[in-house]
Amino acid sequence: MKLRFLTLSAIAMMTGLFACKMADNKQSGTSSDAVNIVAEGTPTVAELTAAPKVPAPVGTRAAKKLIVNLETTEIEGVIDDTIPYTFWTFNGTVPGSFIRVREGDEVTLNLKNAANSVLPHNIDLHAVTGPGGGAEATTAAPGQEASFTFKAINPGLFVYHCAAPPVPMHIGNGMYGLILVEPAGGLKPVDKEYYIMQGDFYTKASTVKKGLLEFNNDKAVAENPDYVLFNGKKGSLLGNNMIEAKVGETVRLFVGNGGPNMTSSFHVIGEIFDNVYIEGGSTVSHNIQTTMIPAGGSAIVEFKCDVPGEYVLVDHSLSRAFNKGCIGKLKVTGDANPKVFKKGGAEKQKSAY
Amino acid sequence: MKKYFGLVFIALLIACTKEQVTKQVMNDKIPQQLPDTLRKLNVNTKMAYIPGGEYKPFYSSDTGLVTVHPFLMDERPITNSEFLAFVKANPQWQRSKIKQIYADSSYLRTWLSDTTFAADALPDAPVCNVSWYAANAFAQSVNKRLPTLDEWEFVAMADRTSKDARKKPEYSDAIIDLYLQKDRQFQPVAKSTPNYWGVYNMFDLIWEWTEDFNSVLTTGESRGGKYEDKSLFCAGSATTSTDLLNYAAFMRFSLRSSVKAHYTIANLGFRCARDTMIVKK
């Protein structure tokens with residue numbers, strides 16, 4: 001009996017120690033540990049998604065070899081209702097495809113530049129440790145393809161973008177996206193995950209094609225955007241495109257800021273962020289109203305939806321939200337929760353008379 | 001004694017200027033002579049006289065003025081029909097016969113056969129999907145050469161009314177507007193307005209090969225060499241160029257730095273140039 005107790009205590013202690021060590025690792029997020037993680041097996045093609053969707057979580061899987069295929073394109077898209085704009089993209093969308101990998105994964109990135117592109121493009125992933133984040137290695141002339149392989153050694157939510165000159169122009173036309181490197185064991189599961197990326201747009205009328213808007217260099221240098229947008233289009237998260245959740249669910253937003261110039265003051269009207277992975281890194285802060293997202297930076301925000309309603313996502317530099325388009329909505333459905341929120345004043349006390 | 005020779009040799013090597021090193025790297029990349037003999041071609045594209053002069057290139061540091069000597073430049077890009085004449089006379093440059101080291105797999109991609117360009121292609125539209133080697137061979141076959149990067153950029157400074165329009169905001173804007181349009185290469189040459197020198201189509205149809213297209217960025221290590229630490233990539237761009245607002249030039253140098261001599265691209269063609277002894281005022 002005594003022996004059994006001792007054994008159990010020992011196991012309990014060891015488990016405790018082990019758990020502490022795990023937590024330690026996660027907290028410190030040291031890249032040196034991940035360098036030695038072995039990525040097993042044959043490479044598989046990574047699932048990629050267009051905003052606001054994100055690929056499936058990595059969960060508890062081991063590190064592996066992944067192939068990420070991206071194509072750079074120059075396409076006419078809609079920036080505002082019916083107004084066309086010449087966007088430059090990764091995989092045909094602004095922002096580009098969401099990439100989701102695990103710490104220790106070995107990622108081969110194939111960048112193909114569409115044959116009908118006018119310009120060369122490349123990719124600089126902030127998740128990469130190495131020269132230019134891969135920019136030099138991936139510079140591809142129109143119709144060409146370039147590749148490089150990297151090991152994801154720092155967990156976090158990282159921006160990627162085109163770094164071909166003139167860089168502000170490539171980013172200003174929409175060439176950015178997010179890559180999430182989940183820590184070993186994965187992020188804690190939540191009910192809903194969404195991908196939102198802010199960008200500032202500088203426009204002028206094309207002199208060649210009537211009605212078409214194009215990048216405006218002068219406005220970009222003056223940092224005076226005509227549009228500040230979530231997901232590259234006015235109304236991308238409004239009307240039928242609202243993101244959704246139910247009362248009682250926990251929502252996780254992967255929020256990036258492509259810039260090229262504006263810093264975002266990300267806020268959800270009527271919600272308080274329970275958790276914010278500050279700047280997309282490993283430090284988690286709690287009970288945050290508005291979180292700062294630098295150009296070329298990110299944040300992961302999490303909150304539980306307690307009360308039904310429409311929650312407005314904004315850059316709280318509010319002229320951008322209400323005048324330049326940086327506004328979206330989260331629709332929460334479910335039963336009212338009067339314990340947390342109800343209209344009207346306090347119930348009247350019954351008269352003592 | 002032998003040891004001393006060794007040391008002296010090494011010292012000499014170290015003493016070599018960077019420029020020599022750069023040049024050597026370039027020589028490795030681009031053979032000075034094409035190994036096969038070319039049949040000459042009787043194609044007489046009209047040329048414009050360019051008196052040259054000193055100019056400050058986009059890529060230079062604050063001090064560097066570059067001298068461009070007088071030269072002649074084709075007044076417009078080489079066309080489909082001209083290139084067809086070239087491959088007929090020189091079958092080794094036809095699509096099915098070209099050596100792989102001289103052109104990638106998309107060489108003359110839209111052509112229907114070795115000696116037929118696409119049915120919907122205009123004979124007087126600029127030829128594209130040609131490698132630097134092929135452009136160079138064509139130039140030799142007409143007793144010309146490709147313009148140097150500095151020659152090309154010297155001519156490109158001009159707008160309709162002035163030799164150097166780079167200070168005018170509308171100059172760069174107009175070029176960028178053109179650069180942003182796709183599929184321009186299918187239009188015929190010499191239909192738009194010529195510039196100050198009487199040269200057509202510097203910006204509105206295609207990118208163009210130059211003799212030393214990769215001299216600015218791509219030496220042995222793409223950010224090293226002659227223009228060390230002045231990469232046009234990423235953060236480097238902020239400190240490199242003399243006129244930071246000349247986005248149009250940025251875009252050209254970006255394109256040039258992304259290509260290799262055997263690449264063939266849907267909107268990349270060429271025109272030719274020639275030395276001249278004439279010095280006009």
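1. Ground rules. Residues are numbered from 1 along each chain as its sequence is written, and chains are lettered from A and ligands numbered from 1 in the order in which they are written. Because the model is predicted, local features need pLDDT of at least 70 and side-chain atom pairs count only at pLDDT 80 or more, while totals for chains, interfaces and linings use all residues; side-chain values use heavy atoms, with hydrogens and water left out.

2. Extent of the interface. Chain A contributes 33 residues to the contact and chain B contributes 31, where contact means heavy atoms within 4.5 Å. Together the two chains bury about 2800 Å², and 59% of that is on carbon and sulfur atoms. Buried area here is the accessible area (1.4 Å probe) that two parts lose on being put together, summed over both.

3. Polar pairs across the interface. Eight residue pairs are in polar contact between chain B and chain A, both residues at pLDDT 80 or more. A polar contact is a pair of N or O atoms within 3.5 Å; within protein, one must be able to donate a hydrogen and the other to accept it, and residues adjacent in sequence count only if both atoms are side-chain atoms. On the side of chain B that touches chain A, the elements giving two or more residues are helix 6 (169-179) and helix 8. Helices (H or I, at least four residues) and strands (E, at least two) are DSSP runs, numbered from the N terminus. By class, that side of chain B has 17 nonpolar, six polar and eight charged residues. Ala, Val, Leu, Ile, Met, Phe, Trp, Tyr, Cys and Pro count as nonpolar, Asp, Glu, Lys and Arg as charged, and the others, Gly among them, as polar.

4. The salt bridge between chains. One salt bridge is found across the interface of chain B and chain A. The term means a side-chain nitrogen of Lys or Arg within 4 Å of a carboxyl oxygen of Asp or Glu. The partners are A:K204 and B:D177, with the closest N and O atoms 2.6 Å apart. The pair runs from strand 12 of chain A to helix 6 of chain B. A:K204 is buried at a relative accessible area of 18%, and B:D177 is buried at 2%. Buried means under 20% relative accessible area, exposed over 50%, and partly exposed in between (1.4 Å probe, protein chains only).

5. The arginine in helix 8. B:R252 lies in helix 8 (residues 247-257) of chain B and is buried, because its relative accessibility is 3%. B:R252 forms a salt bridge with B:E153 at 2.8 Å between the closest N and O atoms. B:E153 sits in helix 5 (residues 149-156), so the pair ties together parts that are 99 residues apart in sequence. The side chain of B:R252 also makes a polar contact with the side chain of B:Y179 (2.9 Å). Not counting residues up to four places away in sequence, the residues that B:R252 touches include B:W152, B:I175 and B:F203.

6. Salt bridges elsewhere. Over all chains, the whole structure has 22 salt bridges. One of them joins A:K209 to A:E76, at 2.9 Å between the closest N and O atoms. A:K209 is in the loop between strand 12 (203-205) and strand 13 (213-215) and A:E76 is in strand 3 (residues 64-80), so the pair ties together parts of chain A that are 133 residues apart in sequence. A:K209 is partly exposed at 39%, as is A:E76 at 46%. A network of salt bridges links A:R100, A:E182, A:E193, A:R252 and A:E302.
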